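Colleague: I'm new to this one. Can you walk me through it?

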Amino acid sequence: MDDELLELQRQFEFAQQAKSSVCLSERNVVELVQKLHQLEIIDFDLLHTVTGKEYITPEQLKNEILAEIKKLGRVSLIDLADITGVDLYHVEKQAQDVVSSDKTLMLINGEIISNLFWDTAAEEINERLQECSQIALAEIAAQLQVGSELIVTVLEPRLGTLVKARLEGGQLYTPAYVERVNSMVRGAARGICLPINLLALWNTLQSLLQEMNGAGGVAVESSFFQSLFNGAVKDGEILGSLRAGVQWTPLVFATAQKECVDALFSQGSFISYDALHKLGITQPLQFLQSRYAEGIPLDTVFAHPSIVEMLDAAMEDAIERESWIDALSVLPPAFASQDASKILSTCPSVQTAIKSNKVVVFGDSYVFSSGFVKSLFDLLEKEMDTLNVSSFALKSDDQNNLGDDSSNLSDSNDAGNDSTSSKQVSDKTSRKKKGKSAGGAKMASIESGLDYQENVPSRSKKNQKKGKNSNSLQERDSKSVSKRDNDGPKGDSSSIISEEWLVKKLLMLIPDIEEQGIDDPETILLPLANHLRPMLLNILRERKKAAFTENAQKIKRLLDSIQRKLDESSLNIQLYEKALDLLEEDQSTSVLLHKHLLRTTATPLVDFLLLNMDMHNKLKNGIQIDESQNVESVLLSSGERVDLAKSFQGPLAAKAIALVEASEGKSVETFMTALRAMAEESGLMLKKLDKKLERTLLHSYRKDLTAQVAAEKDPVSLLPKVVSLLYVQIYGKALQAPGRAISVAVSHLKEKLDDSAFKTLTDYQSATVTLLSLMSAATGDEEDCTSDRISTKREFLETLMPALKSLVLGTQQS
Amino acid sequence: MEGWDPTTKSTLTQIPLLTIKAGPRDGATWTQRLKEEYKALITYTTMNKKNDNDWFRISAANPEGTRWTGKCWYVHNLLKYEFDLQFDIPVTYPATAPELELPQLDGKTEKMYRGGKICLTVHFKPLWAKNCPRFGIAHALCLGLAPWLAAEIPVLVDSGMVKHKDDAASSVEV
C-alpha cells in the first residue's frame, strides 16, 4: 500500500523533474518567416492555406495537384482548392502550369483531365457497347458530365482501337450492329421495285428495329440509314438512281419503265401521258421529249411522226375527193379532240390546204374540204328559197306582235330601225342564252373526249386563221350583234336560219355523218352550221335588200294613191258637209243627212285608208305583195275594220279605231277630226277646203251632176240628183241627201224657186213617193193590181221627167 | 464553467476526475484518495510540460499527505517570478477546498487573506462544491492558483510590490 503510494510519489517527482518541451508561438513563427523573407533565405512565393495557419510552397502545391490527378485521372479545380486548402487563384495558376508542362493532361471547363482518364472512359464505353450494341453520345456525355463535342473529339482518335464502334449521327454503334442494320437496309432496298421516298422506307425499318429491340430499343436516326444506303449504292450493292437525296428509283423499275414505254411507243407510234402516269413518270412530256426527239408532243398523247404521215395521207385523200373527214376517226382512239386539232396543225397537207383556202377545220378534228362546204352551201341556198315565204309570214306576225312600228308612212326608218335592232339584240341574247344552256347540257352528254368547252378556243383559233381579228367567241358574238344593229331590220333573217335548223338540214344533207357513228353529230354540225350561217344570212340579206328596193317603189306608189284618194274624198266630204249647214235647223233631217254622208262617202274612205296602210306596212317589211290586188273594190264590214285598225301599232291603232268609230257615228265633224288625227299620225296631208278649190270642185260636181241628170232614165233616182243639182244651182252647196230627206230638201227649196217650178218638183216628188211606197208594199204580194198601179205611176213619172229635167237644165241654161 | 478562459477550461477537462470521497481522517480510504490525487497531479504535470506550460513544483510535506509545499512561478516580460507555495488539506476535505498560500506575497495585495491565502473568484466555490469529490489538488491548482497568478502578478510587478529576485536581492541588500 505504501509502496504504491511511494511509487506514485516517485513518479510525480519524476514527472516534475522531466524536461519541459519548448514551443514557439504562432506569432513568433510568422515573424520568423517574415524575417526569412527579408533575409531572402526564402526566395520564392510562399503560399498559405485559406485557414492562414499553414505555409505551402508552390512546388508542394503542384505535387499535391499531380497526386490528386493521379488518383482519378480527372479533378476539378474547385475540388483541388478544397483539398489543398489553398486559394483557388493559386490552384488555377499552378494547374495551368501543370497542364502546360504535361501533354497528357488537359484543362477543360475547370477540370483537369488526363489521357488516362479518357482511356479508361473509352474502355468503359467499349464494354457497354458490347453489351448494348449502341450508345448515344449524349448519354455518354451526360454520364461523364462533359460536353458532347468534347466527347466526339476525344472519342474519334480512339474509335477502332479502344472503342470498337462506329460513330454515326451522334450515336455509337458496334460493327456488328452496323452490319445488321446495313443488311436490313440492303435487303429493303433490293426488295423495292417501285420508286419510293426513302424516308418512308426508313420509318418502316425503324419500327422494325424497334420491334426487334423491344420497347427499350433506341431509335435509329434515319440519317444513319441514309449513309448506309448511300454506301451501298456507291458500292454497287443496290442499283438505281437517287433523286433529290430521298427519291429512290430502283434500276429494275427504271428499266421496266423504259422498256414498257419503248414497247408502247413502237407498237402504237404514240403513247398517252396517262399511260406514262400509270408507269410512274410524273413529267411525261419532258421524259418523252428527252427520249424521242422526233416525237410530237400533244395535249394528252405523244405521237410518232408516222402518225402524222398517216393522218396526212388521209387528209390529202379527203381534200382531193372534196369530201370531209374526222381526224379522230383516222387517229387511234387514245387521241383526244385537242390532240387532233394540234396534230392537224402539224399536218403539212392540211396546212397548205388551209393556206390556199382549200379546206376548213371545224371543232378540233373535223376537216372539210372547201369543195364539200361549197356544195353544202349551194344545197342550203336552194333550201332557203323554199324557206323564205313561210318565214316571212311568220316574221311579220312576229313583228306585229312585238309592236314593231314600221307602218309609219313617213320615212322614219331610223327610228323604226332602232327599235327593231334593239329587239333583235334582246332576241339574240335570249337565244344565245338558250344555246348556252343547251351547250351545257350537251357537255354532260359528250364527256367522251369531245369537250364542248374545249371547242371554244379552237374555234377562235379558226377565226384567226380566217383573218378575223376576234379572239373569242364572246367577242365575235358581240361583234355580230353590233353588225346586225347596223343592218337594221335585215338582221331579222338571222332568226330565220337558226343553228338548230341548219343542223337539221345538214344532217339530211350529209347522211354519212350518222353512219360514222358519232355520238352526237351536233358537235361537228354546230361549228359547220356556224360557219355556213353567216354566209347564208348574207345571201338572205341581199335578197331581202333587192326585195326592199322593189317594195320601196311600190310603197311610193301606194302612198301617192292613198294621198290622192284621201285628198279627193276628204275634200268631197268637206264639200258635202257645207251643204248640211242649210238643213241645220231640222234636227232629225240633219242627223239623217250626217249619217248618210258618213255612210256613203266616209266609210269607203276609211276602208281604203285602212287597207292601204296595212299594205304599206307589209311592203315596208319587205314582204312581196301582189300588186294586182284591187284595194278599192274591197268593202269591209265594221268588224273587219276594227280588226284591221287594231292590227296597227301604238298610237296609230288608237287613232285608227277612233276613226272607224267616228265613221259609224252621227257627226261628220267628229269624223273629220278623227280623220285628221289619223292622217297626222300616219304622216299624210289632209287638204283644207278653200274658196277656189270649193268653186272648182263645185263646178265639176255640178257638171257631173248635170250630165247625170241629163242621162238619167230611172224616174226614181232622178229626183235626188235633180234636188242636188238644184241645191248647187241655188245655194252653191253640194247636198247629199238620202231618199227620206228629199222631201225636206224639196220644201227647203220653196222660197228659192218660182211656183211653177216648185210645183213641178213637189208633184214629181209626191209621185215618186207614192210609187216607192207602192213598190215597197208590192214586194210581199202576188201579182195583183199594185203592179199595174206601179207601172201607171211610173209612166206618169216618166211623163213628168222632161219637165223636171228642164227645170234643172233650164235654169242652168238661163 | 464560465469565468475561466478557454485554455484553463480545456486543461481542466483533461485532468482525470477523482472517485473516492475521503478526508485525511478516513485512514485507508484517504490513502486511496491520495493515490488518485497523485495520479491526477502526474497527468496535469505531464500535460503542462508537454505544452511548455510548467509552472509549479509541489511535494507532500508529511507522510500522511495532509500538508504540501513547493514553488510556483509566473513569467512576465521575459522575467520569471517565483514564489513559495504551501497548503494543508482541510479535515473536511474534499468537501472543502484546500486553501493555497503564497506566504511571500502576504500583505502585498488585497486579493489575499491574512497568512497569504489567496482569494479565489466567486465562481470557484460553487464549482468545487458541485464537483465534490471529483475535483482534487490538481484541479484546485489549475482552477485556483493559475488564473490568480496570471491576473495578479503583472499588477503586482507593475506596481512594484513584487520585484524580480535579482532586483529583490539588491533591494534586500538595501
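Modeller: Here is a short tour of core, salt bridges and surface patches.

Modeller: This is a predicted model, so to speak of local features we need pLDDT of at least 70, side-chain atom pairs count only at pLDDT 80 or more, and totals for chains, interfaces and linings use all residues. Residues are numbered from 1 along each chain as its sequence is written, chains are lettered from A and ligands numbered from 1 in the order in which they are written, and side-chain values use heavy atoms, with hydrogens and water left out.

Colleague: Which residues touch the most other members in the largest nonpolar core?

Modeller: A:I573, A:L609, A:L659, A:F671, A:L675 and A:M678, out of 51 residues. A nonpolar core is a set of buried Ala, Val, Leu, Ile, Met, Phe, Trp, Tyr and Cys residues joined through side-chain atoms within 4.5 Å. Buried means under 20% relative accessible area, exposed over 50%, partly exposed in between (1.4 Å probe, protein chains only).

Colleague: Which helix gives the largest share of this core?

Modeller: Helix 27 of chain A, with 10 residues. Helices (H or I, at least four residues) and strands (E, at least two) are DSSP runs, numbered from the N terminus.

Colleague: Switching to chain B. How many helices and strands does chain B have?

Modeller: Five helices and five strands. The order from the N terminus is α-α-β-β-β-β-β-α-α-α. Of its 174 residues, 45% are buried.

Colleague: And how many salt bridges are there over all chains?

Modeller: The count is 14. A salt bridge here is a side-chain nitrogen of Lys or Arg within 4 Å of a carboxyl oxygen of Asp or Glu. One of them pairs B:R67 with B:D88, with the closest N and O atoms 3.0 Å apart.

Colleague: Why does that pair tie together parts 21 residues apart in sequence?

Modeller: Because B:R67 lies in strand 2 (residues 67–76) of chain B and B:D88 in strand 3 (residues 79–88) of chain B. B:R67 is partly exposed at 27%, and B:D88 is partly exposed at 35%. Elsewhere, B:K49, B:D54 and B:R57 are joined into one network by salt bridges that share partners.

Colleague: What about A:E7 and A:R10?

Modeller: They form a salt bridge too, with the closest N and O atoms 2.2 Å apart. Both sit in helix 1 (residues 2–17) of chain A, three residues apart, so about one helical turn separates A:E7 from A:R10.

Colleague: Is A:R10 buried or exposed?

Modeller: Exposed, at 52% relative accessibility. A:E7 is partly exposed, at 31%.
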